[in-house]
Structures are given as structure tokens and as C-alpha cells.
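The following exercises are to be worked with the sequence and the three-dimensional structure in view. Each task is followed by a solution in steps.

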Amino acid sequence: MSESNININKKNLVFGLDIGTRSIVGSVGYLESNNKFNVVAHYSKEHETRAMMDGQIHDISKVSDTISKVKKELEMQLNMPLKDVCIAAAGRVLRTITVHIDYELSQEGPVTSEQIYSLDSMGVEKAYEIIRENEHEIKFYCVGYTVIKYYLNDFAITNLEGHKAKKISADVLATFLPEDVVDGLYAAVENADLNIANLTLEPIAAINIAIPEKFRLLNIALVDVGAGTSDISITKDGSIVAYGMIPRAGDEITESLVSRYLVDFNTAEKIKRGSMMKRQINFKDIMGLKQKISPDEAKEAYSSVVESITKEIADKILELNGGKSVSAVFVVGGGGKAAGFTENLAKYLDIPNERVALRGEEVLTEVNFMQEGIKKDPLLVTPIGICMSYYDHKNNFIFVNVNDERIKLYDNDKLTVIDAAMQIGFPNDGLFPRRGEALEFTVNDEKRLVRGGIGEPAVITINGEEANINSKIVKNDNIIIEESTYGKPASQKIEGLPEYKQTMRFIVNGQAIDCPRFAEVNGELKSGDYSICQSDKIEILNYYTLGQVLKFMDIDFNKKLVKVNNKISNEDEKVYENFSIDFEDDEYEPEHNEDEEYYEEDYKNNQIDETLENNSEYNKTVNETSKVSLENASDKLSDNTSDSINNDVNTSENLAENKNVANENATVNMIITVNGTVVVLKNKKQYIFVDILDFYPFDTSVAGGKELVTTINGIKCDFTSQLKDGDVIELYWRN
């Protein structure tokens with residue numbers, strides 16, 4: 001093989017790969033104008049393990065590894081990289097559907113090649129609809145089709161092109177395989193860094209070489225006997241009329257020798273091949289013992305298996321051929337070379353032995369091997385046929401309907417919805433979910449972006465079934481695409497910002513007060529439920545001013561002696577989380593003498609005792625939320641105190657007497673916190689724990705757990721424990 005010959009035809013080289021159960025065969029060549037196919041590189045490698053069985057890939061990675069080795073060897077022979085490959089699928093779980101299809105032309109005129117192709121595609125689509133109705137639980141892939149017969153205005157005709165017609169018709173035979181079978185092939189090939197340029201069916205590839213069109217007027221069966229499957233195709237009246245398969249072939253013959261002679265599979269394969277030679281067969285069994293047998297002994301060992309396989313093949317041929325025997329059978333593939341195979345097949349078909357023959361060199365006369373030492377035999381028919389099938393489909397286009405528009409696409413066996421969408425100019429962003437308007441603002445001088453909501457993706461259906469942009473499409477699919485939608489505009493409240501906490505807690509006169517946290521938005525104070533607008537400038541405040549705290553509590557700062565963390569402060573003092581605030585209950589008077597201070601405080605204490613007993617308005621006030629300050633109650637006490645002073649200030653004896661009487665009879669209102677709730681205890685001089693149950697709703701008669709927890713200021717207590725003003729109580733059931 002000369003370097004110049006390869007270089008001249010590099011652009012036209014076709015790489016065909018026969019992925020068989022026992023071995024992988026690769027051929028690279030090109031077709032001349034005289035229909036002679038030149039093979040410029042050829043290599044075969046057996047699987048190192050049984051990674052395939054019955055034509056089905058069981059170990060994708062190991063099959064891919066063998067493909068890579070075949071590819072590498074061919075690249076070395078060619079001195080060039082290989083990227084695209086043609087493959088064929090075995091007929092395992094093959095389904096065939098024959099349909100009749102009519103195509104009414106819009107007006108009478110010469111039939112074009114595109115109209116013929118559209119007719120073929122409509123036939124495949126109809127067959128696909130039938131198979132989906134019958135086997136809807138399994139997804140099938142169309143791996144090939146043949147036209148049995150064309151009709152011009154209902155009259156049979158060999159070639160429609162150029163004839164004037166109002167209606168054209170066809171009988172179409174479509175072949176399907178389960179999608180998982182095809183997916184396994186694609187995965188193994190693509191893992192070896194190869195792109196699949198064409199996929200066909202093994203019996204279609206074989207028949208294109210073994211039975212030329214000029215012989216197809218005869219009723220002939222082609223049997224491709226591989227290692228795991230025997231694929232069958234039948235011709236009649238110039239067309240291929242049926243395909244079939246049985247999952248039995250050469251490996252089953254080998255396996256019979258494994259059990260007969262106690263050897264491994266590879267040794268049994270050597271014994272099978274040796275049976276077709278004349279010399280003695282030597283081997284070792286699994287015990288390490290040397291064995292010698294004659295070819296006739298080996299043939300006898302597997303003869304019953306050959307009979308069984310050929311009987312099943314004959315039955316399948318009769319079934320596919322309408323219950324009648326065929327005129328002749330051509331056998332290709334390595335498995336068909338087993339002794340007695342053709343003879344037994346002829347016997348079960350009831351035809352003369354000479355009508356069943358292995359096809360090898362005689363059908364490869366138009367194939368030229370540029371490598372030396374390659375023997376033309378039945379093993380080469382399928383891989384060469386795979387290469388040849390490329391030329392039948394290299395300009396293969398399919399028609400699909402997208403939103404009621406019929407379009408033509410180049411078929412690379414990987415077409416998806418997105419390819420069809422691009423072909424009709426569908427907007428790219430109309431396929432994918434679109435976001436609503438984003439919201440941009442700053443938080444503490446840092447830029448912040450909130451994305452809009454995601455809309456709905458394009459709603460896509462293929463033949464009425466839900467699909468997506470990556471769904472595969474086939475001939476004559478009806479695709480509907482509804483444009484995607486925008487999501488909702490972005491929205492964000494201040495309370496949803498990670499820097500923002502709902503409240504700030506201050507300790508006011510020993511009690512915890514929770515104040516809502518504020519943020520400054522564009523210079524204005526906003527609460528947590530403020531919805532942020534575009535370009536807002538937000539500053540999260542982590543403090544209140546003292547004046548703001550007192551204002552929140554409805555306390556007038558004027559004339560108050562207020563301390564923050566025990567330091568006298570003004571209303572602009574910044575108060576942070578958990579700072580303490582303390583203030584006098586009376587107005588702060590900076591100038592007075594000690595006698596007046598003593599007299600006023602003494603009388604005030606007496607009046608507080610008396611007023612707490614009778615002042616229902618005060619009792620109502622302390623039951624309000626923490627936002628109501630103690631100052632409100634103090635203001636009311638001050639009013640009552642002023643009235644008492646006006647009435648009784650004339651005599652100190654009366655004051656002392658009133659004090660003694662009040663102390664003897666007065667009850668005390670006590671403010672405590674129970675489970676976080678402020679509770680006022682009334683009408684007693686002293687209180688113990690059990691008194692809480694008169695004012696706080698808690699049912700101790702029904703056990704809510706295994707243990708009743710009772711604590712005062714975090715310390716365990718019992719129901720007789722003494723209470724004092726401001727105590728924090730816990731009362732609950734615990735498991």
C-alpha cells in the first residue's frame with residue numbers, strides 16, 4: 001500500500017466498525033466511481049473477556065477499551081487520526097413493522113427525490129406509531145428501513161423519481177431496536193473518542209454485500225451467523241421483505257466444547273477452529289492434563305448443538321417467509337463455518353445442500369484489499385457492508401414539523417429538539433427559563449444584588465408527549481414549542497437581609513424590653529417589613545439613641561435622671577444590644593433640701609402601698625405589653641400622691657396614723673414573669689409559688705410529660721416557695 005494512495009483519498013475515507021460478540025473488526029476504505037471499494041486499512045481484535053453476549057454489550061468500558069485498541073492500530077496503519085465511524089446494531093430484540101403509506105401531492109407534477117424521501121419518512125413514522133401503541137413501555141429506536149415496493153397512482157413501479165403523479169405510495173419495512181441496546185453501542189463508541197456518522201442494522205449491512213440488487217428478485221434468505229446472534233433477512237421481488245434474529249450462534253457451539261472437554265472458553269474456541277482442519281488437535285484441560293483429539297471427534301462433540309441452532313434458524317426463515325421455504329440461503333459470519341452448519345440448514349429447510357452456501361470471496365469481488373495477507377472470507381462481509389452503508393445514508397436528511405412548519409434536517413443520528421428550534425430561527429432565550437428583573441441596592445455601602453425569580457422553561461411536546469430541548473427527534477416528528485416565560489421581579493424586605501435581626505433587647509429598670517430593629521434607608525428610618533426599592537442605600541443600625549428607646553416606651557425624657565450602664569446620659573446617647581437603662585420614677589429635681597427629700601420620700605412610700613391596693617387603673621396598665629413603661633404607672637402614682645399631700649400635709653400625726661392603718665390592711669400587687677409572660681399577682685400581702693395558678697393558665701391536673709419543672713430565677717423550687725417582685729418563673733412539663 002503506497003502512502004500516496006492514502007493521501008489522495010484521505011478526505012473520502014470511511015471507517016466501519018463491526019462490534020461483534022466475539023471480536024471487533026475495523027475496516028477503513030473508500031468507494032471509487034466504478035463502485036469498487038478499496039480497503040486501505042483493516043484490523044480485528046477479540047474481546048479479552050466476555051464483555052458482550054448474544055450481541056448485547058454487558059461491559060461498556062471493556063468494549064470501549066477494545067474499540068480504542070482497534071482504532072489505534074488503524075490510525076498507525078493510516079498515519080492519521082480517525083474521528084467518525086459507521087457502526088451496525090445486531091438484531092437482538094429486533095422489531096419489524098411493514099406499513100403502506102400514501103402521499104397526496106399538492107398538484108400533479110414530476111416526483112422529486114425529496115418527495116420520495118418524505119414518503120419513506122412518513123412510512124417510518126407510521127411504523128413507529130404502531131410499535132409505540134403495541135409496546136408503549138419500551139422505547140424503540142429505528143435502526144433502518146427498506147422500501148418493499150413503490151406505487152405511482154396506485155400502480156407498482158420500481159423508481160418514482162421523474163414520473164408525473166398525483167399520488168405516490170410505498171410499502172415500507174421499518175426495523176426497530178430497544179433504545180437501551182442502541183444507547184449501549186453509542187456509549188461504548190463515544191468513550192473511545194469516536195463520533196458515530198452512521199448507524200445501520202447488521203443484516204442490512206451484510207445483505208448489501210452478500211445479495212446484490214440484481215439477485216433480489218429471487219426469494220433468498222441471508223443468515224449472518226456471528227458469535228452471539230444469527231441475523232436473518234429475506235429478499236423477494238426485488239426488495240428486502242423481512243428481517244429476523246435468533247439469539248443463538250457460534251459461542252453456543254464453543255460452550256458445548258467447554259463442558260465436553262473441561263477447558264476454558266478460549267481453548268474451546270481453538271478446538272472449534274481446529275475441527276475445520278485436518279491435523280490433530282492438542283490442548284490441556286483445566287486439570288492440566290494434555291489431551292489429543294481428531295477433527296472428527298470435535299465435530300461430533302458439537303454436532304447436536306449445530307443441529308439445534310440450524311433448526312431454529314430454519315423455523316425463523318419459514319415464519320418470516322410466510323410459512324414457505326426460500327429458494328436459496330447465503331450464510332456469512334464466522335459462526336456459519338462450523339462443520340455441518342450449511343448441511344443441517346438445508347435439511348431443515350428442505351432444499352438441496354448446494355442451495356445453502358457460505359458467501360465469502362465470491363461476494364467480495366468488488367472489494368480490493370490494499371493490505372497484503374488478508375483472506376476474503378465470510379467474516380469480512382458485515383464490516384465491509386457497514387462501510388458501504390455509509391454511502392447510502394451520507395446525505396441522509398429527515399423532515400420534522402416544528403410549530404406546524406415542515407423543515408429538513410441533516411440526520412447525524414444525534415438530532416434533538418434544539419437542532420430543530422435553531423433551524424426555524426426560534427429565539428434561543430425563548431427555550432430556557434428567563435429571570436425576572438433583578439434588584440440592586442447597597443447595604444452598609446456594599447453592593448447587593450437579588451436575582452429575579454426563574455420563569456417556566458419552554459413547553460415542548462413531541463407527537464403530543466412531554467419532551468425537553470435535549471429530547472431526540474426522528475423522522476416526521478411533530479414538535480410543538482411554546483416560548484419560555486419570565487419569572488417574577490426580584491423582591492426583598494429589610495427583615496430578610498442576613499445582617500438584620502428582628503429585635504434589639506435592652507434592660508430597662510431591670511426588665512428586658514424588646515424593641516424592633518430599624519434600618520436607615522436613604523436617610524430615613526424604616527422597619528423590617530420595608531420592601532427594598534431599586535438603588536436604595538441601606539444602613540443597618542445596631543443601636544438606638546436613648547431618646548428613641550424612651551420614646552418607644554412612651555416615656556418623656558424631660559426632667560428624668562436616666563443612666564445608661566450606670567452612667568448619667570442624655571437623649572442622644574447610643575444604646576446598643578443588652579445595654580442597661582435606669583431612671584427615677586419621679587421627675588428629677590436637682591435643687592431641694594434634705595428635710596424636704598426625706599419627708600417626700602417617706603410620704604410617697606406610704607401612698608404607694610395604699611394606692612396599689614385600690615388603683616385598678618394601674619393594675620390594667622401593668623398587664624399591657626413590654627412597650628408600656630413603668631413610667632406610666634409612676635406618673636399615675638405621682639398624681640395620686642399630689643392629691644394625698646394636698647389633703648393631709650397639714651398634720652404629721654395624721655400621716656403617721658394613716659400609714660399604720662394602711663400597712664395593717666393593705667395587700668400587695670406583685671409583678672412577675674411566667675414562661676416569658678408578664679403576670680400581676682393581686683389581693684395578698686405575700687405570695688408563694690402555688691399562687692401563680694390563680695393568675696396564669698396552667699392545668700396541673702393533666703400530666704403533659706414525665707416531670708413538672710418549677711423554677712424561680714433558674715433555681716428549682718416547690719409550690720410553697722416564697723415569691724418576690726420581679727421574679728422570673730418557669731412552669732412546664734418535661735419528658
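**Exercise 1: Salt bridges**

The count comes to 20 salt bridges, a salt bridge being a side-chain nitrogen of Lys or Arg within 4 Å of a carboxyl oxygen of Asp or Glu. The model is predicted: local features need pLDDT of at least 70, side-chain atom pairs count only at pLDDT 80 or more, and totals for chains, interfaces and linings use all residues. Residues are numbered from 1 along each chain as its sequence is written, and side-chain values use heavy atoms, with hydrogens and water left out.

Task: Describe the salt bridges of K69 with E48 and with D65.

Solution.

Step 1. Between K69 and E48 the N to O distance is 3.1 Å. This pair links distant parts of the chain, 21 residues apart: K69 lies in helix α2 (residues 60-78), and E48 in the loop between β3 (37-46) and β4 (52-53). Helices (H or I, at least four residues) and strands (E, at least two) are DSSP runs, numbered from the N terminus.

Step 2. Between D65 and K69 the closest N and O atoms are 3.4 Å apart. These two residues are separated by about one helical turn, because they stand 4 residues apart in helix α2.

Step 3. Buried means under 20% relative accessible area, exposed over 50%, and partly exposed in between (1.4 Å probe, protein chains only). K69 is partly exposed at 33%, and D65 is partly exposed at 39%. E48, with 58%, is exposed.

**Exercise 2: A network**

Task: Which residues are joined with E269 and K272 into one network?

Solution.

Step 1. E269 and K272 form a salt bridge, with 3.6 Å between the closest N and O atoms. They are 3 residues apart in helix α7 (residues 265-274) and therefore separated by about one helical turn.

Step 2. Both E269 and K272 are buried. Through salt bridges that share partners, R22, E46, E269, K272 and R273 are joined into one network.

**Exercise 3: A cavity**

Task: What lines the second largest cavity?

Solution.

Step 1. The whole structure holds 2 cavities of 30 Å³ or more. On a 1 Å grid over the protein atoms alone, a cavity is a set of points where a 1.4 Å probe fits but cannot get out, and lining residues have an atom within 4 Å of a point. Grid points are joined across faces, edges and corners, and a volume is the space filled by probe spheres set on the points.

Step 2. The second largest cavity contains about 30 Å³ of space. Its lining consists of T21, R22, H47, T49, R50, M52, D251 and F265.

Step 3. By class, 2 of these lining residues are nonpolar, 3 polar and 3 charged. Ala, Val, Leu, Ile, Met, Phe, Trp, Tyr, Cys and Pro count as nonpolar, Asp, Glu, Lys and Arg as charged, and the others, Gly among them, as polar.

**Exercise 4: Loop residues**

Task: Are D445 and N321 buried or exposed?

Solution.

Step 1. D445 lies in the loop between β22 (439-443) and β23 (446-450). Its relative accessibility is 75%, so D445 counts as exposed. Although not a glycine, D445 has a positive phi of about 70°.

Step 2. N321 is placed in the loop between α8 (295-320) and β17 (328-332). With a relative accessible area of 11%, N321 is buried. The C-alpha atoms of N321 and A242 are separated by 7.6 Å, the two residues being 79 residues apart along the chain.

Definitions and conventions:
On a 1 Å grid over the protein atoms alone, a cavity is a set of points where a 1.4 Å probe fits but cannot get out, and a pocket is an open set with protein on both sides within 12 Å along at least five of seven lines; lining residues have an atom within 4 Å of a point.
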